[in-house]
Amino acid sequence: MKKIIGLAGLFIAAFAITSSAQSITAKEAAKHLNEKVMVCDQVYGGKFLSSSNITLIDVGGSHPNELLTLIIKGDDRKKFKTAPEETFKGKKVCITGQIIDYKGKPEIMITDTLQIKLQ
């Protein structure tokens, strides 16, 4: 019974994350700062910075010309079964989250695996 309730909670959370966001491309991300959106585009690369325990994923272009950066910090990286910078490289994905500005470039903080889905 606990497993059924837990699974129901996951489905509700996944639906809430994906259904409430406007869908855009990475090129449009900078126009939607501080908005919760769904960005669907290609992942071009990424890297894990072991010194700071941060994963950076480049969407919409290769670094330094990425149109959107995904940030996965510390313990959130452990939620992924495989290294996210490798898993999603070269694939089209949809990312849901709030776009923030970091030094003039748009970013989305990834705190849950449900925020990234293969397209």
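Which residues does Cys40 touch, not counting residues up to four places away in sequence? In this predicted model, Cys40 touches Ser23, Ile24, Thr25, Val93, Cys94 and Gln119 once residues up to four places away in sequence are set aside. Cys40 has its place in strand S2, and, because its relative accessibility of 15% falls under the 20% limit, it counts as buried. Although Cys40 and Ile116 are 76 residues apart in sequence, their C-alpha atoms are 9.6 Å apart in space.

One of these contacts, that between Cys40 and Cys94, is a disulfide, in which the sulfur atoms are 2.1 Å apart. The pair links distant parts of the chain, with Cys40 in strand S2 (residues 36–49) and Cys94 in strand S5 (residues 92–102), 54 residues apart. The torsion about the S-S bond of Cys40 and Cys94 is about 115°, and the disulfide is therefore right-handed. Both cysteines, Cys40 and Cys94, are buried, and a search of the whole structure finds one disulfide. In general terms, a disulfide is a covalent bond between the sulfur atoms of two cysteines.

With regard to the overall fold, the chain contains three helices and seven strands, which, read along the sequence, follow the pattern α-β-β-β-β-α-α-β-β-β. The chain has 119 residues, of which 38% are buried. When contacts between residues at least 6 apart in sequence are considered, 51% of them join residues at least 24 apart.

The largest nonpolar core consists of 19 residues, among which Val39, Leu68, Leu70, Ile108 and Ile110 touch the most other members. At least two residues of this core are supplied by each of S2, strand S3 (54–59), strand S4 (68–73), S5 and strand S6 (105–110). For Val39, when neighbours within four places in sequence are left aside, the contacts are with Ile24, Thr25, Ala26, Leu68, Val93, Cys94, Ile95, Ile99 and Ile108.

Not counting residues up to four places away in sequence, Ile100 touches Leu33, Lys105, Pro106 and Glu107, while its C-alpha atom is separated by 9.4 Å from that of Ala29, 71 residues away along the chain. Arg77, by contrast, is found in helix H2 (residues 74–77) and counts as buried because its relative accessibility is 17%. Leaving aside neighbours within four places in sequence, Arg77 is in contact with Phe48, Thr55, Ile72, Ala83, Pro84 and Glu85.

The largest pocket has a volume of about 170 Å³, and its lining is made up of Lys47, Leu56, Asp58, His63, Glu66, Thr69, Tyr102, Lys103, Lys105 and Glu107. The elements that give two or more residues to this lining are S3 and S6. By class, the lining comprises two nonpolar, two polar and six charged residues. Two of the lining residues, Lys105 and Glu107, are also touched by Ile100.

Most residues other than glycine have a negative phi, and most peptide bonds are trans. The peptide bond from His63 to Pro64 is cis, with omega near 15°, and Pro64 has its place in the loop between S3 and S4; His63 is one of the residues that line the largest pocket. Asn53, in the loop between S2 and S3, has a positive phi of about 60° although it is not a glycine, and its relative accessible area of 31% means that it is partly exposed. Lys103, in the loop between S5 and S6, likewise has a positive phi, near 55°, in a residue other than glycine. With a relative accessible area of 71%, Lys103 is exposed, and Lys103 is also among the residues lining the largest pocket.

Key
Residues are numbered from 1 along each chain as its sequence is written. This is a predicted model: local features need pLDDT of at least 70, side-chain atom pairs count only at pLDDT 80 or more; totals for chains, interfaces and linings use all residues. Side-chain values use heavy atoms; hydrogens and water are left out. A disulfide is a pair of cysteine sulfur atoms within 2.5 Å. Helices (H or I, at least four residues) and strands (E, at least two) are DSSP runs, numbered from the N terminus. Buried means under 20% relative accessible area, exposed over 50%, partly exposed in between (1.4 Å probe, protein chains only). A nonpolar core is a set of buried Ala, Val, Leu, Ile, Met, Phe, Trp, Tyr and Cys residues joined through side-chain atoms within 4.5 Å. Contact means heavy atoms within 4.5 Å. On a 1 Å grid over the protein atoms alone, a cavity is a set of points where a 1.4 Å probe fits but cannot get out, and a pocket is an open set with protein on both sides within 12 Å along at least five of seven lines; lining residues have an atom within 4 Å of a point. Grid points are joined across faces, edges and corners, and a volume is the space filled by probe spheres set on the points. Ala, Val, Leu, Ile, Met, Phe, Trp, Tyr, Cys and Pro count as nonpolar, Asp, Glu, Lys and Arg as charged, and the others, Gly among them, as polar.
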